[in-house]
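I opened my notebook for this one with a few plain things to look up. Here are my entries, in the order I made them.

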Amino acid sequence: MPIAKTLFPRRYPIPAPGLFRPKSAALLCVLAVLSTLAGTAQAHAKAQAQTPSPVKAQALSATKAQTGECTPSVLDRSGEPNLMQQFDSYGNQAFNPLADAGAWHGYLLPQSPKAGFSGPLIVAQEFSLYLAPMLEQLQPSIDGRPLDFASADSQMQACAGELRQLFSWPELTLKLALRFVDGRSALIRTELINTGDKPLPLTLEWRGELLSRLTQNKGPLWPADKVPSWQPTTGGLRLSFPELQQGFTGYFTAGAGLDISRSLASNSSVTELGYLSRSELTLNAGESRLIWSRERYILSPDETESGHSGMTEDRLAAQWQQSGERWRAYLKQGMPELNSYLPKALAQKSLETLLGNWRSPAGALLHDAVTPSLTARAFDGAWAWDSWKHAAALSYFAPELAKNQIRALFDYQIQADDTLRPQDAGMIIDTVFYNRDGLRGGSGENWNERNSKPPLAAWAVWYLRDDPAFIREIYPKLVAYHNWWYRNRDHDGNGLAEYGAALHPAHQDSEGRMRFYLKPKGTVPAGCEPLQDGWLECAGLDDYRTLAQSQDYQALESPAQQAAGWESGMDNAARFGFIDDSQLSAYAAKHYGGDLTRARRDWLPGFVENRHGGKLVGYSIDQESVELNAYLAQEKALLGQMAALLGDKQAAANWQRDAEALAARINSDFFDSESGFYYDRELGSGKLLTRRGMGPEGWSPLWTGVAAPAQAQAVRRNMLDPKVFNTPVPLGTAARSAPAFDPHSYWRGRVWLDQWYFGVSGLARYGFLEDARALTAKLLNNAEALKGSAPIRENYHPLTGEMQGATNFSWSAAHLYLWYRESAAAEAEAQAQVQVQTTNKIQ
């Protein structure tokens, strides 16, 4: 019978002795073998760069000598935007721009022969917009004759961390390359080489014009009295933005803008939305000339170093070299050859995705953070549990960024003297964005303090345990966060927590009563206010409970239900009562002879008030969630490990004791032996919510290592059943057999790669390596374009493999990368165990 094992000794959180790990005499030998065991290379599909047209050998060798070798990007970096919001059906911006170094803008290679880089795509504080088709398009002329790019031998190449172009005519070679050098600046390195035998008089013209139209169906972003303006400057141009706040579209602060600075002097003229810069020079036979251009996107007027400052040749060359060295370090540390279940090319695509979504400090974001997606709408902020996942993956190749990712959320950990919510001391809020919300004196639409997110922070921090100073810095903050769950989300104080909602105007009226929304059928509670389409806004937990029991309504909704779903991270999961009308009717027909009133009672969540010291501190949904408590058990074990690392033996022993006790309760209180799965359970009665079907929360005890071996085996059977979770793209967010299963619904069927990872990693942890390998192969073979150059998606259709949700999604990338490393470690341990067993037999 397989037993829970710690498979990943280098980075994977190793639980405290006696919990979640084998008591095997071979373990120390296994770890020793792992330290020297080398993985074998696995065949993988590399993204192929476009085949270059023939160019002169001199130009090719010069490219290698002056810009370095290129590791081809695995992502398609080509595109030519013609709208500011060039959205697909999911609200994603078209294409996959290169962004790097924490910059808030990104660029593309053009799809037709042009000298320059498409874009940029900028993050207008919280929303991404394409600013221009090409902000600096270069047109060289010889003796007044513009060179024809269509007739040139050309090469476009996307490298990891760099974009390159090469054009060659009989008498001239032109090379351009773009790298990011800091959190605001991209450098363009332009080299002109006279390959003829006589002097070349050259005129160089750079031009650019802003996009104005938002979408095909919308007009200009900029009002007639508020348009960006161009001004020539010493050494370049300045684009200044007006003050503009357009809801769910873009924010600009007066004085923000974009500086274009060049090392070659030019004369510039401007129009309303565009400019033209012109320079002249002569290249002697065989001579080359290097020109630097810097595009610096400034989000706030108080950001320093603008215009031509810092444009010395030595400094620019040094920045260029440092950018290349930084990427070589990423690839060296992050891309070892491993005997992994995932191809190396997919791991590189994951690495590129994470670094492309890196934003440097700006506005209310006080530390560097990887956001969910540069290209998805409204995803340019830091979410709590996204951040923990990102940090775990980043720990392998960008550990300082990983630490700052964690700090970015702990910067806003609620303190006991907080003016808005002192009752939430210790809480980590859901999201941190450029702008705070109105309650915090800002104007942001995405800042959220209505709820927290699942407690995976300690898991992420433990990946960084090589830095004891960081552990010492974060440990007390983790303890405060851990304690918040039991003070504010354990309604009956039984040691089993629930998801819920914070005290917030979205959840309460001015008198502190819980809000809800009612579409009435009969009796209407006193004090309800009319809204649109027959809805009423009401308040009062007792009135909500009366309606829930009587079923005397057409529809009943609560913002607290939404917040509890958000707090779980599984926004509209079936276990929280989310189900479509048609599905509810089918459920009623199957279980209650079509009686919708009885069926609704099975699906409508209840709420309870949580009080501490007699004061209201928040709400809980009326169910204790299995994965929340599995995460908390894991967190106790990890906090014990941290306490031991910091020398506090008594605290370590206490955490370990509590972890073991909670693990035992999870196995006794959340497991249904009849169906062989873990479920949430009702508050009070303790009844398991089997009626709402199975979801990925049921394999969280395997991932955290708290499951007993027999229970792990039972869960495994459901995970491998084609009628349950083993769909063409396996391990979706609802079982195929669940009443609310919908492969198009956000968290009721789609395959999310974090939950997929928790599943295969959990199987591997209990020794089911063949199962983990098989489920990995199904994902690779059936998830649309996962192995190609298309972006990694937020989720995938479990039956067809269709790409769904956000493009360039960071936590999908993070978990793919983690599995690249950890599946290889699992295989290495398995091989080591075989060697130990063989040695023991011989002895």
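In which sense do E6 and strand E7 pair, and over how many bridges? I found that E6 and E7 (residues 162-168) pair in the antiparallel sense, over 7 bridges.

Before going on, I noted that this is a predicted model, where local features need pLDDT of at least 70, side-chain atom pairs count only at pLDDT 80 or more, and totals for chains, interfaces and linings use all residues. Residues are numbered from 1 along each chain as its sequence is written, and side-chain values use heavy atoms, with hydrogens and water left out.

Entry: I jotted down the terms here: strands (E, at least two residues) and helices (H or I, at least four) are DSSP runs numbered from the N terminus, and two strands pair if DSSP finds at least two bridges between them. Met156 has Gln165 of E7 as its bridge partner. E6 and E7 form a hairpin with 2 residues between them, and Gly161 in that turn has a positive phi of about 90°. Strand E6 (residues 153-159) is mostly covered, with 5 of its 7 residues buried (under 20% relative accessible area, with a 1.4 Å probe and protein chains only).

**Entry: a three-stranded sheet.** I then looked up an open sheet of 3 strands, which has the order E1-E2-E3 and antiparallel pairing. Strand E1 (105-108) and strand E3 (127-130) are its edge strands, each pairing on one side only. Strand E2 (residues 118-124) is joined to E3 by 4 bridges, and Leu121 has Tyr130 in E3 as its bridge partner.

**Entry: helix H13.** H13 is mostly covered, as 18 of its 20 residues are buried. Just after H13, I saw that Gly647 takes a positive phi of about 90°.

**Entry: the largest pocket.** A pocket here is an open set of points on a 1 Å grid where a 1.4 Å probe fits, with protein on both sides within 12 Å along at least five of seven lines; lining residues have an atom within 4 Å of a point. I noted a volume of about 650 Å³ for the largest pocket. Its lining has 24 residues, and Leu556, Glu557, Gln561, Gly577 and Ile579 lie nearest its centre. E27 gives the most to this lining, with 5 residues.

Notes
Grid points are joined across faces, edges and corners, and a volume is the space filled by probe spheres set on the points. Buried means under 20% relative accessible area, exposed over 50%, partly exposed in between (1.4 Å probe, protein chains only).
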